[in-house]
Amino acid sequence: MSKAPVDINNLPYADGDFFAFEQLLTGKEQDRLAEIRGFLSREVRPIAVDCWNRGEFPLDLIPKLAEIDLVSPVRRQGYSNLFAGLVHAEATRADTSIATFLGVHDGLFTGSIEALASQEQQEAWLPDIYSLKKIGAFGLTEPLGGSDVAGGTRTTAQRDGDSWILNGAKRWIGNATFSDWVVIYARDLGDNQVKGFLVDTTLPGFSATKIENKISLRTVQNADIVLDNVVVPDFFKLAGANSFRDTNKVLKVTRLAVAWQAVGQQLAAFDVARRYAVERHQFGRPLASFQLVQSQLVQILGNAVSSMGMMVRLSQLEDAGQARDEQSALAKAFTTARMRESVAIGRSLLGGNGIVTDFEMAKIFADAEAIYSYEGTHEINTLVTGRAITGISAIV
């Protein structure tokens, strides 16, 4: 007796939230998350593969993102960190590149202004930042400095009366080819401390060149930045950014966002793999009817749920003001490792179709590599956690 076909548009556990973590949100937050999820489904996911293939950012999407109002949900809109994390996971689930655009503008750039600018500076800059009238980027990583940039920042800032003169180079700066502002972190030649500056990208001596030939996050417009005697008025020196310790206040929070991206990436892999397994027939049966395929799907789901559980608790700690750097480091290391495994299983499950972007999984698989590396490599985050549990640093 044949079984009735499965309705692929009405699969069980459609949101992938197997342990119902979303029920921890308030009713208002659940409604808002559903609204955002619908927007992402309508406006982002349908264009994601085409933009990725062309390596172009959909600038016409920015007004729509402004209308749905995603910037600064915690500080400005009063939502919980758990809500903000789930939103970032959902954005990644729709398209990692658009989620990264938001993570750079909202997390790294806006986070720098919110955490390190004076009240006067915030009042002058934040309205346009929140409304996406001004797009921002975050300039920390350098051509010769990645994991060691904390103590090895080569970009310099020199005080000159009521201005600062910036010289140096930055690399891998997302949004920088079309951003209006970039927060640049540079070493003050006067006291050898790393300080932050809001730099107008139209200033003489500033240039940004798109990095080509990427195999990951192709929609994101990463750039090489050159600063050649760029003169920045003193008002644009972030009042609270006077050492790398200050910069780390921003990175601690954004590391949580990247770990949430790892959750979203796994949910995306689960979505595509499960749908494919139900739709695709081999030997006269759906792939989903084979035991090994079900095992693979359950492994992806288990990885996603375990990662989500860790992030739910960490978001609760962040809401309570109790989250620590090493907890963010462990979360980033653990969730991205699970993500790498999940997307590899998903790619394998699709067979040959897993290496072409037509079926989405190839893009999901490739984009995971960027998440694995940025906001602190797996190795560095592992050693930050190891230092916390032993009291001994093994980083250098």
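How many nonpolar, polar and charged residues does the lining of the largest cavity have, by class? The answer is in point 2, after a word on the model.

1. **What you are looking at.** This is a predicted model, where local features need pLDDT of at least 70 and side-chain atom pairs count only at pLDDT 80 or more, while totals for chains, interfaces and linings use all residues. Residues are numbered from 1 along each chain as its sequence is written, and side-chain values use heavy atoms, with hydrogens and water left out.

2. **The cavities.** Searching the whole structure turns up three cavities of 30 Å³ or more. A cavity here is a set of points, on a 1 Å grid over the protein atoms alone, where a 1.4 Å probe fits but cannot get out; lining residues have an atom within 4 Å of a point. Points are joined across faces, edges and corners, and a volume is the space filled by probe spheres set on the points. The largest cavity holds about 60 Å³ of space. Its lining includes R45, T92, R93, Q265, E360 and K363. Two or more lining residues come from each of α3 (81-94), α7 (244-279) and α10 (361-373). Helices (H or I, at least four residues) and strands (E, at least two) are DSSP runs, numbered from the N terminus. To settle the opening question, the lining has four nonpolar, three polar and four charged residues. In that count, Ala, Val, Leu, Ile, Met, Phe, Trp, Tyr, Cys and Pro are nonpolar, Asp, Glu, Lys and Arg are charged, and the others, Gly among them, are polar.

3. **Helix α7.** The expected span is 1.5 Å times one less than the number of residues. Of the 36 residues in α7, 29 are buried. Buried means under 20% relative accessible area, exposed over 50%, and partly exposed in between (1.4 Å probe, protein chains only).

4. **Strand β4 and its partners.** Strands count as paired if DSSP finds at least two bridges between them. β1 (residues 136-139) runs parallel to β4, with four bridges, and G136 has W181 as its bridge partner. β2 (residues 156-160) is also parallel to β4, joined by two bridges, with T156 opposite R187. β5 (residues 194-200) runs antiparallel to β4 over seven bridges, and there V194 is the partner of R187.

5. **Two hairpins.** β4 and β5 form a hairpin with five residues between them. β2 and β3 (residues 163-173) form another, with two residues between the strands, and G161 in that turn has a positive phi of about 65°. Five antiparallel bridges hold the pairing of β2 with β3, and A157 stands opposite L166.

6. Most residues other than glycine have a negative phi. N192, in the loop between β4 and β5, has a positive phi of about 65° although it is not a glycine. F283 has a positive phi of about 55° and is not a glycine either. You will find F283 in the loop between β8 (281-282) and β9 (285-286), and with a relative accessible area of 77% it is exposed.

7. **Helix α5, a two-sided case.** The twelve residues of α5 (residues 119-130) should span 16 Å at 1.5 Å a residue, and the end C-alpha atoms are 15 Å apart, which agrees. Buried in α5 are Q121, Q122, W125, L126, I129 and Y130. They sit on the same side of α5, because they cover an arc of only 125° around the axis; the arc is that of the directions from the helix axis to the C-beta atoms. An α-helix has 3.6 residues a turn, so residues three or four places apart point the same way. On the face turned away from the buried side, E120 and E123 are exposed.

8. L40 lies in helix α1 (residues 27-54) and is buried, with a relative accessible area of 3%. Q299, in helix α8 (residues 291-319), is partly exposed at 35%.

Conventions
On a 1 Å grid over the protein atoms alone, a cavity is a set of points where a 1.4 Å probe fits but cannot get out, and a pocket is an open set with protein on both sides within 12 Å along at least five of seven lines; lining residues have an atom within 4 Å of a point.
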